[in-house]
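Biologist: I have the sequence and the model open side by side. Can you walk me through some of the local details?

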Amino acid sequence: MSTTKQAKSALISVFHKDGLEPIVRKFNELGITIYTTGGTEKFIRDLGIDCVAVEDITSYPSILGGRVKTLHPKVFGGILSRRDNESDKAQLAEFEIPEMDIVIVDLYPFEKTVASGAPEQDIIEKIDIGGISLIRAAAKNFKDVICVSSMEQYDEFLNIISADKGNTSIADRKRFSAKAFAVSSHYDSAIYNYMNEEETNFRQSFDKVSPLRYGENPHQKGAFYGDLEAMFEKLHGKELSFNNLLDVDAAVNLINEFKGEAPTFAILKHNNACGFAQRETLAQAYVDALAGDPTSAFGGVLIANKTIDAATATEIHKLFCEVVIAPAYDADALEILKGKKNRVILILKDVELPKVSYRTALNGVLFQDANLITDTKEGLKNVTEKIVTEAQIDDLLFASKICKHTKSNTIILVKNKTLCAGGTGQTSRVDALEQAIAKAKHFEFDLTGAVMASDAFFPFPDCVEIAHKAGIEAVIQPGGSIKDQLSIDYCNENGIGMVMTGTRHFKH
């Protein structure tokens with residue numbers, strides 16, 4: 001039996017009518033009978049094209065304010081009937097059920113309604129029942145029916161029926177079936193996540209995919225599932241890689257801590273800041289951030305919290321970097337940055353970042369709330385005899401924000417709102433501190449008067465002792481160790497100021 005099917009009829013029931021007209025006109029040209037509902041019927045008749053109302057098949061009107069239109073055996077029988085099954089064919093004839101070879105559905109916009117902040121009743125009314133049922137039925141019977149489940153599929157579908165005068169292949173129908181189940185599963189996941197308050201099950205779905213050249217390494221396949229266009233406007237450069245995206249994620253979350261503040265520039269490598277500074281001008285912030293570690297900055301991701309001007313772009317252009325991100329660019333700055341063909345230039349849109357995070361672990365997924373706590377002046381508790389100064393508080397909070405977005409165990413050293421060095425991803429806090437001090441000295445930073453931030457408490461006074469000997473005069477840490485007093489005592493004996501936040505900032 002041929003796997004190619006000639007379409008003779010189509011059911012169209014859509015919310016959005018955009019892009020539908022060329023398909024309706026093609027159906028009319030090919031002599032395909034159109035069955036339809038409500039607003040779609042009016043749209044088609046306004047085009048001067050004849051169609052059959054579903055109510056004329058079912059002998060039932062649309063009821064309950066439109067909640068029930070297509071849920072009827074004469075509709076679903078025509079979709080689900082097996083064309084090579086004699087019993088099915090006999091029942092279609094007995095009950096006068098027309099076959100439906102094409103089903104086109106565009107679901108109620110549930111996610112957009114949720115995102116709009118609409119009242120709950122409006123959201124509930126946008127849970128599509130008939131449409132999702134039509135999609136599942138048509139997708140199940142892909143051997144005989146082709147299901148177009150989203151307006152994003154209209155162009156591809158139109159090309160198929162135009163190329164072969166209404167014929168569809170089994171390969172086409174099966175591919176569109178997979179698309180349909182992707183649409184239905186995504187839709188159901190969105191509804192579940194809106195309704196779910198107990199976090200008893202994990203359901204996440206992304207309906208956009210960006211294939212990547214490879215994963216972390218060339219022998220690993222990679223892809224990004226999500227809507228990058230919702231976050232960025234890409235102005236120039238090559239496609240982002242798996243590793244680029246990880247660094248971009250780290251950069252965006254870090255710079256978000258400094259939104260609305262003075263000009264701030266960060267340089268990241270392998271998800272950690274290797275350069276960071278805040279100054280009166282963005283150009284100076286970049287120059288001073290680069291001085292923090294010009295070696296690691298090579299091939300890094302650069303991000304700013306202000307519009308990049310020509311002076312800043314001129315300095316950036318001297319460095320080989322993979323990605324530059326900013327909320328905007330002056331025209332002359334953009335032309336300078338485009339001087340490197342592969343350099344990725346992104347505009348970061350003003351979007352809300354996710355409030356949850358998850359990652360694969362073992363044979364499942366780890367879920368948690370995002371770390372949305374940022375240490376503030378009001379939350380600091382001075383625990384030493386020496387009271388930290390206002391200038392030190394500024395540096396301590398600056399260091400704490402960087403520390404929060406650096407791999408644990410971490411120590412961050414800051415002076416005059418400049419990242420002097422960080423110890424990142426170490427197995428002990430002492431190692432992290434010694435790494436930071438050594439790095440600061442290598443790049444000729446004078447740590448006298450610097451401050452230190454730690455992502456977790458000090459179980460022993462060794463870190464404050466090492467820091468003191470390096471010239472550090474103030475410390476910010478969460479506290480919470482049963483031996484906190486040992487570190488406090490050392491600070492009191494040596495004139496160091498220490499504040500505690502009560503909030504740990506591990507980042508594994």
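Biologist: Where is serine 133?
Modeller: Serine 133 sits in helix 8. Helices here are DSSP runs of H or I with at least four residues, strands are runs of E with at least two, and both are numbered from the N terminus. This is a predicted model, with residues numbered from 1 along each chain as its sequence is written. Local features need pLDDT of at least 70, side-chain atom pairs count only at pLDDT 80 or more, totals for chains, interfaces and linings use all residues, and side-chain values use heavy atoms, with hydrogens and water left out.

Biologist: Is serine 133 buried, exposed or partly exposed?
Modeller: Serine 133 has a relative accessible area of 23%, so it is partly exposed. Buried means under 20%, exposed means over 50%, and partly exposed is in between, using a 1.4 Å probe and protein chains only.

Biologist: What separates the C-alpha atoms of serine 133 and arginine 213?
Modeller: A distance of 37 Å, for two residues that are 80 apart along the chain.

Biologist: Switching to aromatics. How many aromatic pairs are there?
Modeller: The count is ten. Rings of Phe, Tyr and Trp (its six-membered ring) pair if their centres lie within 6.5 Å; planes under 30 degrees apart are stacked, over 60 edge-to-face, and the rest tilted. One of the pairs is phenylalanine 15 with tyrosine 108: the ring centres are 5.8 Å apart and the planes are at 75°, so this is an edge-to-face pair.

Biologist: Which parts does that pair tie together?
Modeller: Phenylalanine 15 is in the loop between strand 2 (9-14) and helix 1 (21-30), and tyrosine 108 is in the loop between strand 5 (102-106) and helix 6 (110-115), so the pair ties together parts 93 residues apart in sequence. Phenylalanine 15 is partly exposed at 32% relative accessibility, and tyrosine 108 is partly exposed at 24%.

Biologist: And what about phenylalanine 276 and phenylalanine 398?
Modeller: Their planes are at 70° and their ring centres 5.4 Å apart, so that pair is edge-to-face. Phenylalanine 276 belongs to strand 12 (residues 272-278) and phenylalanine 398 to helix 17 (residues 390-404), so the pair links distant parts of the chain, 122 residues apart. Phenylalanine 276 is buried at 0% relative accessible area, and phenylalanine 398 is buried at 3%.

Biologist: Which charged end sits over the ring of phenylalanine 258?
Modeller: That of lysine 401, 4.9 Å from the ring centre. Lysine 179 lies over the face of phenylalanine 176, at 5.8 Å from the ring centre. The rule is NZ of Lys or CZ of Arg within 6 Å of the ring centre and within 35 degrees of the ring normal.

Biologist: Back to tyrosine 108. Which residues lie nearest the centre of the second largest pocket?
Modeller: Gly66, Arg67, Lys69, Tyr108 and Asp128, out of 26 lining residues. On a 1 Å grid over the protein atoms alone, a pocket is an open set of points with protein on both sides within 12 Å along at least five of seven lines; a cavity is a set where a 1.4 Å probe fits but cannot get out, and lining residues have an atom within 4 Å of a point.

Biologist: What is its volume?
Modeller: The second largest pocket has about 480 Å³. Volume is the space filled by probe spheres set on the grid points, which are joined across faces, edges and corners. Helix 8 (130-140) is one of the elements that supply at least two residues of this pocket's lining.

Biologist: How many cavities of 30 Å³ or more are there?
Modeller: Two. Helix 17 gives the largest share of the largest cavity's lining, three residues.
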